[in-house]
Amino acid sequence: MQTKIVKILYTAKDYVSGQEISNRLGVSRQAVNKAVKVLRDKGFVISSVTNKGYLLESFPEQLCEEAVKCLLDTKLIGSKIIVLDSVTSTNDYLKKLAAKGAQAGTVVVSREQTAGKGRLGRIWQTKKDDGIALSILLRPQLSPNEIGGITPLAGLAVCRAINDFCKLDSRIKWPNDIIVGKKKIVGILTEMSTDFDRVEYIIPGIGINVGHTTFPDNIAYKATSILLETGRHIDKNKFLATVLNYLDDAMLQNNYTLGGQSAEDYQKLCASIGRQVSFCRGDRKISGMAVSVNDSGELEVMLSNGTVATVNSGEVTVQGIY
Ligand code: BT5
């Protein structure tokens, strides 16, 4: 009911009487008063004037389920949203829910992670309230060898959400970083569980640097945040809703696979393409020019002998970035 009240007040953009809300929701005036009180406790600023009713003045500063839900325009992602104050890792938390049968589209978002994970056992740092850590549960009808598009599609969606909402020119550093200039603003870690030849679930986990003004010494040279890049504090709830809207669109419109228009769009936003890159094959370090990303999400690199190498995982260093 609280989400519905927020939606009514947000769409009205004017006073709405308690009676009208109770009629529209088929609940008592008392129930409406009670729900408004809960919303105020959560940080919504809702003014009330006798004979006029309620007016939504502003959303909470902190992430809040009702605020995000009211702004969602999705078919799947965000069907359920769990907002946590603190968690070890949103991916780990959601993996446990997924194993117990949680529905596709469930989103876990946390104000803080105490053991945020990067790839290959690395650490992702999420400073309380400065970062947004989120994980999304997907259950696509794909076989494990068809899921290569999920991370690029997630990157494409988040990159567009940042550029649209924050008016930034962020780009994708293949395969899973989003950068502004030469610094990382988003990291993505996709984890999955498979059952023989079927994907049971797949969880893209996304860490976004929002309000950091500083970073620990070991990453300060290569990390940035929305606040550092724009000089502005953003409305986190509106921003998160934008991210989820873009993710829903990217996953469903492309049936979770990269190809056609989405592959073209990815290439355009991919900062690695057209640059000298290096990667490892066994003990050898190989260098070449990144020329494209194929529909499986692999990076194609033109070597000096004219052959094209396909890189599907591991570390790629992009000259001039990090
Ligand atoms: C990633 O790994 O970039 C994936 C990060 C995924 C984080 C999300 S948050 C929600 C979900 N729950 C989780 O537990 N994880 C996911 P990788 O490409 O391996 O990069 C990790 C490296 O990035 C670290 O070794 C640091 O050098 C650097 N790093 C760590 N925290 C950072 C930050 N906040 N901003 C920029 N760089 C960071």
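**Salt bridges, domains and buried residues in a predicted model**

Arg 160 and Asp 265 form a salt bridge in which the closest N and O atoms are 2.7 Å apart. Because Arg 160 lies in helix 6 (residues 150–166) and Asp 265 in helix 10, the pair ties together parts that are 105 residues apart in sequence.

Side chains of opposite charge can pair when their charged atoms come close. In this model the count comes to 14 salt bridges. One of them joins Lys 117 to Glu 191, with the closest N and O atoms 3.0 Å apart. This pair also links distant parts of the chain, 74 residues apart: Lys 117 is in the loop between strand 4 (106–110) and strand 5 (131–136), and Glu 191 is in strand 8 (residues 183–195). Lys 117 is partly exposed at 26% relative accessibility, while Glu 191 is buried at 17%. A further salt bridge connects Arg 198 with Asp 195, and here the closest N and O atoms are 3.6 Å apart. In this pair Arg 198 is partly exposed, with a relative accessible area of 45%, and Asp 195 is likewise partly exposed, at 32%. Some salt bridges share partners, and in this way Asp 92, Lys 95, Lys 117 and Glu 191 are joined into one network.

The description now turns to the domains. The protein chain is divided into domain 1 (2–58), domain 2 (65–269) and domain 3 (276–318). The C-alpha centres of domain 2 and domain 3 are 25 Å apart. Between these two domains, 12 residues of domain 2 are in contact with 16 residues of domain 3. Together domain 2 and domain 3 bury about 970 Å², and 55% of that area is on carbon and sulfur atoms. On the side of domain 2, the residues that lose the most area to domain 3 are Trp 174, Leu 258 and Gln 267, which together account for 56% of what that side buries.

What kinds of pairing cross this interface? Between domain 2 and domain 3 there are 0 salt bridges, but 2 residue pairs are in polar contact across the interface. Helix 10 (residues 260–269) supplies the largest share of the side of domain 2 that touches domain 3, namely 3 residues. By residue type, that side of domain 2 divides into 6 nonpolar, 3 polar and 3 charged residues.

Most residues other than glycine have a negative phi, and most peptide bonds are trans. The peptide bond from Trp 174 to Pro 175, by contrast, is cis, with omega near 0°. Pro 175 itself lies in the loop between strand 6 (171–173) and strand 7 (177–180), and Trp 174 is one of the domain 2 residues that lose the most area to domain 3. Asn 255 has a positive phi, near 45°, and is placed in the loop between helix 9 (236–253) and helix 10. Tyr 256 also has a positive phi, near 65°, and is found in the loop between helix 9 and helix 10. Tyr 256 counts as buried, at 9% relative accessibility.

Thr 90, in helix 5 (residues 90–99), is buried with a relative accessible area of 2%. The side chain of Thr 90 makes a polar contact of 2.8 Å with the side chain of Ser 135. Leaving out residues up to four places away in sequence, Thr 90 touches Val 108, Val 109, Ser 110, Gln 113, Ala 133, Leu 134 and Ser 135.

Phe 44 lies in the loop between helix 3 (29–41) and strand 1 (45–49) and counts as buried at 3% relative accessibility. Beyond its neighbours within four places in sequence, Phe 44 is in contact with residues including Val 6, Leu 39, Leu 56, Phe 59, Pro 60 and Cys 64. The C-alpha atoms of Phe 44 and Cys 64 are separated by 9.4 Å, the two residues being 20 residues apart along the chain.

Note on methods. Residues numbered from 1 in each chain as written. Predicted model: local features only at pLDDT ≥ 70, side-chain atom pairs only at ≥ 80, totals over all residues. Heavy atoms only, no water. Domains from an automatic or database assignment. Contact = heavy atoms within 4.5 Å. Buried area = accessible area lost by both parts, 1.4 Å probe. Salt bridge = Lys/Arg side-chain N within 4 Å of Asp/Glu carboxyl O. Polar contact = N/O pair within 3.5 Å; in protein donor to acceptor, adjacent residues only side chain to side chain. Helix = DSSP H or I, 4+ residues; strand = E, 2+ residues; numbered from the N terminus. Nonpolar A, V, L, I, M, F, W, Y, C, P; charged D, E, K, R; others polar. Buried < 20%, exposed > 50% of the residue type's maximum accessible area, 1.4 Å probe, protein only.
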